[in-house]
Amino acid sequence: MSTTTSSNLNLKTAPGHEVLAKAGKTVLRPGGLEATRQLLDWADFQPGETVLELAASFGKSDIGLARRYGVRVVGIERNPDSVRIARENIRQAGLEGQVEVREGNILNLADISETFDYVFAEAILTMQSASGKAKILEGIQKVLKPQGKFLSHEMLGLGDGKMRDHALSEVIRVNAQPLSSAEWQQACEKAGLTIKQSKTGEVGLLSPKRVIEDEGLLPALKIAWNVLTQAEIRQRVLQMKDTFTQYQYQLGYIALCASKVGINYGCHYHPS
Ligand SMILES: C[S@@+](CC[C@H](N)C(=O)[O-])C[C@H]1O[C@@H](n2cnc3c(N)ncnc32)[C@H](O)[C@@H]1O
């Protein structure tokens, strides 16, 4: 599975997730696989059902969902390099016809004519403005089948975010506007989506423990070696890590499962 982005990436100005991908990270989400697994649990995917993934990146999640659950997946990704890599990964996985990654902007979901049983979105709404979040959530409500489920994993913002969001945007070089649980709920409800289940936790994106959990020991050692030996990557990764540490009490992850308002249909719930 290839995840290497273009060789002429400007490591000084590139978005944080592209620098992490260059270091070898494939899980580019605030709550890592812990939050992703929660979404998969709530989903209860059935073979043949359809999934729309927003911000599909290199297609890793799409391929994983198709292989594990037999679902048909359409991914939307804006970065042409990532789309090219995703398509090659899908071809190598022999999943053409079951998985498709389209080059597109998730701000234009209204242009999609199909409807889906699930919309799956990780680490993409946080980097949108308030109006961008609203437009995407409206688009999600439109492409969801009546009994459909929206599964989302984003950054959680606690307390006053003015300084925090500015510092985050500085180091990850994308607009970062995490919301509180109540604000994510309001944004969903405004778009006609009701949150049925939610879970929050720590952002451990760059903690060695989480990197090993998410990537595996050997890939984690390779990432550490890349950070140690490549000065520009090291500088960016340390800047991101320092900022996550500085604001660790004002940041978290949120995983949520929502359905259309008025639809009495739950997210799969495993009483622990
Ligand atoms: C932080 S990564 C998350 C990727 C993936 N969802 C994951 O969890 O690994 C964000 C991805 O969103 C893509 N992206 C950002 N804005 C987008 C937009 N407006 N439309 C489609 N893709 C977008 C970026 O190119 C990048 O691949």
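Rings of Phe, Tyr and Trp (its six-membered ring) form a pair if their centres lie within 6.5 Å; planes under 30 degrees apart make the pair stacked, over 60 edge-to-face, and the rest tilted. The views below come from a predicted model, where local features need pLDDT of at least 70, side-chain atom pairs count only at pLDDT 80 or more, and totals for chains, interfaces and linings use all residues. Residues are numbered from 1 along each chain as its sequence is written, and side-chain values use heavy atoms, with hydrogens and water left out.

**View 1. Here are the aromatic pairs.** Searching the whole structure gives two of them. In one, Phe 45 and Tyr 69 have ring centres 5.0 Å apart and planes at 55 degrees, so this pair is tilted. Phe 45 sits in the loop between helix 2 (32-43) and strand 1 (50-54), and Tyr 69 in helix 3 (residues 60-69), so the pair ties together parts 24 residues apart in sequence (helices, H or I, of at least four residues and strands, E, of at least two are DSSP runs numbered from the N terminus).

**View 2. Now meet the shell around the ligand.** The ligand is surrounded by 16 residues (a heavy atom within 4 Å); the closest are Arg 29, Ala 55, Glu 77, Asn 105 and Glu 122. By class, the shell holds six nonpolar, five polar and five charged residues (Ala, Val, Leu, Ile, Met, Phe, Trp, Tyr, Cys and Pro count as nonpolar, Asp, Glu, Lys and Arg as charged, and the others, Gly among them, as polar).

**View 3. Finally, zoom in on the polar atoms.** Ligand oxygen atoms lie 2.6 Å from a polar side-chain atom of Arg 29 and 2.5 Å from a side-chain N or O atom of Glu 77. At Glu 122, a polar backbone atom is 2.8 Å from a ligand nitrogen.

Technical notes. A polar contact is a pair of N or O atoms within 3.5 Å; within protein, one must be able to donate a hydrogen and the other to accept it, and residues adjacent in sequence count only if both atoms are side-chain atoms.
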